[in-house]
Amino acid sequence: MTVVSIEKQGDIAVVTVDNPPVNALSQALRQGLWDAAERLDADPGVRAVVLACAGRTFIAGADVTEFGKPPVPPHLPDLVARIEAAAKPWVAAIHGSALGGGLEVALGCRFRVAAAEASLGLPEVTLGIVPGAGGTVRTPRLVGVEAAVDLVTTGKPVRAARAQALGLVDAVIEGDLLPGALAFAAEALTRPLPAPLSSRAVTPPEPGFWDRAEPATAKAAKGAAAPLRALACLRKAAEASFDQAMAFERETFLDLRGSTQAAALRHVFFAERAAPRPAALRDVAPLPLARVAVIGGGTMGAGIVAALREAGLPVALIERDAEAVERGLANVASIFDGAAKRGKLTPERAAALRQGVTGSTDYATLAEADLVIEAVFEDIAVKRAVFDQLGRVCRADAVLATNTSYLDPRLIAEGLANPGRFIGLHFFSPANVMKLLEIVPVPETAPRTLATGFALARLLKKIPVQSGICEGFIGNRILKRYRAAAEALVRRGVPIDRIDAAMRGYGFAMGPFQAQDLGGLDIAHLQREGARAAGQDVPETLGDILVRAGRKGQKTGGGWYDYAPGERQPQVSPTVAALLAPAVTPGAAMTGPEIAAALVAEMAAEGRAILAEGIAESPAAIDLVEIHGYGFPRWRGGPMFASGA
Ligand code: 3H9
């Protein structure tokens, strides 16, 4: 297949890259671009070159699938240098995304122009590596050290307008990109050419810059290695020669490419890309979603309404009486107003989002809804009553979803007419923020209903993971095992705060006990009490002892820890020590890494049981649940990856 073609428009050559899906820099593409540079240098009829891409995007980076293999020439740094040294100036014409190696190729060009919707970035640190083809060396020469540090250490792309303000692109082209780029090239030829980036100097940053940047980068990285290594490359670029900095960057790139963190982040990268489009549903068309409704305006319902609104859908919110409707609408409004106060939304956008929600008590208004998501109280009778009404008023093909965390969706659906339209959609709180969506079909769920669940996830920009039916589905089932294992360590005498510190050291934002104090210990306690009342044998947990003593978490001033009034800082609690003393056998001495290894091994063991029962489809699905729903450090790859599953 020809991945690079050349066409002449007068004395300007257009080099077009066509390597679907995202024009990744495979060996064939690198060779094709190299050959094009050779050929065009030798062509006296060509005075400038426009580098453009076919398909949905500019070059989106190195081919990540090649990372596990030995590099084959031409190597990307050499290709970028070859383009930079071309006898005629190259102009990169960027649409879609110019990412990683794609941006590095563009930095080898003498000019860069971009379509208004384009984005540019160096996301390598999100893959556990650093740019490996001059990104850390050329970027500061173009946009200055401060902006380069921001781009490279966060990995966050910028849109065309911002890229132009930074100096990363020379022009933003309104209208058709290619004619705009050709006109730009023709005009550029009338002026003296700027120096190639490799021969420009780096302007030194303000004194003290590196002393501030290092701790700030380390803090934001939360244990990931690549951002600090990228910062070291940028510092080298500012303090050494171009060639020395290139050598240092390459060495760092090759070192990290083979690292466990990079392998973990690649695993997550591919899992995330595969998740929204399961192969089994490839040929199943989802129901188009135009009219959606949410039943219940509590915390969860309001969060789901907010997520749907942010995705651009008008939403009907149904509650049982006028007062509850008002409360529900107020809950939704406070989400948007809070975001506006924090500067995340303009007040106008917040108002527009609020206005797209219609409150009502009348189920009859749902007759034409395409999708209804029930998010009422976790009580089987209440939920069934909702579906009884929905079954009567909604279209036979409308998708009816329950948002439940623990109840068996089969019981909720019992008696529903046309059960093929029923599905469980487990959102995580806050539902407009958390990325995970567990999709739980019942045996009757029709393929189209399932496909609609996945389409909804794509619309909401969430990571969908299909789960079979078991208590807690994938995520809460593993959480239960994790908490039980952490309690077992406490019983063996490992201090509560040491366990939390160990998990923070592993990369979680919070340890298991701190997290329970934040969320409240009472919900899980009530569930256990319910099971006990139903005759199940549920052994007493340490959490039960605390809740019985009135310690339900931060909201009661104490749970596993004490909290000073109005403070969120956990304090080791002598009261807890006294309450739990009869259940604790002192003696176990474990280091932080030993504690973390033991608890992650428990998570993975539960994950293996979940796989064996067919509840999750793959280890990667379990890893996505833990990373996107439970704060498992991304750079560890998830419990299954970390345990070698
Ligand atoms: C790098 O460049 C290192 C250099 O500095 C140094 C080298 C020496 N490679 O996301 P989508 C596949 S590091 C291989 O659904 P979208 C993806 O798996 C790289 N494959 O599309 C999927 O495959 P499939 C830095 C890749 O339109 C298909 O393309 N670059 C790559 O929603 C469609 O992907 C990045 O990190 C790749 N680099 O979004 C960019 N990228 O269809 C990562 C994608 O078989 N990519 N695929 O499932 C992205 O951010 C998004 O894919 C992009 C398109 C925004 C481009």
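Okay, salt bridges. If you search this whole structure, which is a predicted model, you find 36 salt bridges. Quick reminder on the idea: side chains of opposite charge can pair when their charged atoms come close. Let me walk you through a few of them.

Start with Arg229 and Asp255. Their side chains meet in a salt bridge, with N and O 2.8 Å apart. Where do the two partners sit? Arg229 is in helix H9, residues 226–239, and Asp255 is in helix H10, so this pair ties together parts that are 26 residues apart in sequence.

Next one: Arg291 and Asp370. Here the N to O distance is 3.8 Å. This pair links distant parts of the chain, 79 residues apart. Arg291 is in the loop between H11 and strand E10, which is 292–295. Asp370 is in the loop between strand E12 (357–360) and strand E13 (371–374). Arg291 is partly exposed, with a relative accessible area of 45%. Asp370 has 4% relative accessibility, and the cut-off for buried is under 20%, so Asp370 counts as buried.

Which residues join it in a network of salt bridges? Arg291 and Asp370 are linked with Glu368, Arg395, Asp397 and Arg448.

Lys383 pairs with Glu374, and their closest N and O atoms are 2.6 Å apart. Guess the accessibility! Lys383 is buried, with a relative accessible area of 0%, and Glu374 is also buried at 0%.

How many residues are around the ligand? There are 26, and the ones that come nearest are Arg56, Gly101, Glu104, Glu124 and Arg273. Zoom in on the oxygen atoms of the ligand. A polar side-chain atom of Arg56 is 2.8 Å from a ligand oxygen. Glu104 also brings in a polar side-chain atom, at 2.7 Å from an oxygen of the ligand. Ala62 uses its backbone instead: a polar backbone atom there is 2.8 Å from a ligand oxygen.

How much of the ligand does the protein cover? On its own, the ligand has 1100 Å² of accessible area, and the protein covers 72% of that. Several elements give two or more residues to the shell: strand E5 (97–99), helix H3 (101–108), helix H10 (242–257) and helix H11 (260–274). H11 gives the largest share, 3 residues. And what is the shell made of? By type, you get 15 nonpolar residues, 5 polar and 6 charged.

Last stop, Met434. You'll find this residue in the loop between strand E15 (422–427) and strand E16 (436–441). Met434 is partly exposed, with 21% relative accessible area.

Definitions and conventions
Residues are numbered from 1 along each chain as its sequence is written. This is a predicted model: local features need pLDDT of at least 70, side-chain atom pairs count only at pLDDT 80 or more; totals for chains, interfaces and linings use all residues. Side-chain values use heavy atoms; hydrogens and water are left out. A residue is near a molecule or strand if one of its heavy atoms lies within 4 Å of it. A polar contact is a pair of N or O atoms within 3.5 Å; within protein, one must be able to donate a hydrogen and the other to accept it, and residues adjacent in sequence count only if both atoms are side-chain atoms. Accessible areas come from the Shrake-Rupley method with a 1.4 Å probe; for residues, only the protein chains shown count as cover. Helices (H or I, at least four residues) and strands (E, at least two) are DSSP runs, numbered from the N terminus. Ala, Val, Leu, Ile, Met, Phe, Trp, Tyr, Cys and Pro count as nonpolar, Asp, Glu, Lys and Arg as charged, and the others, Gly among them, as polar. A salt bridge is a side-chain nitrogen of Lys or Arg within 4 Å of a carboxyl oxygen of Asp or Glu. Buried means under 20% relative accessible area, exposed over 50%, partly exposed in between (1.4 Å probe, protein chains only).
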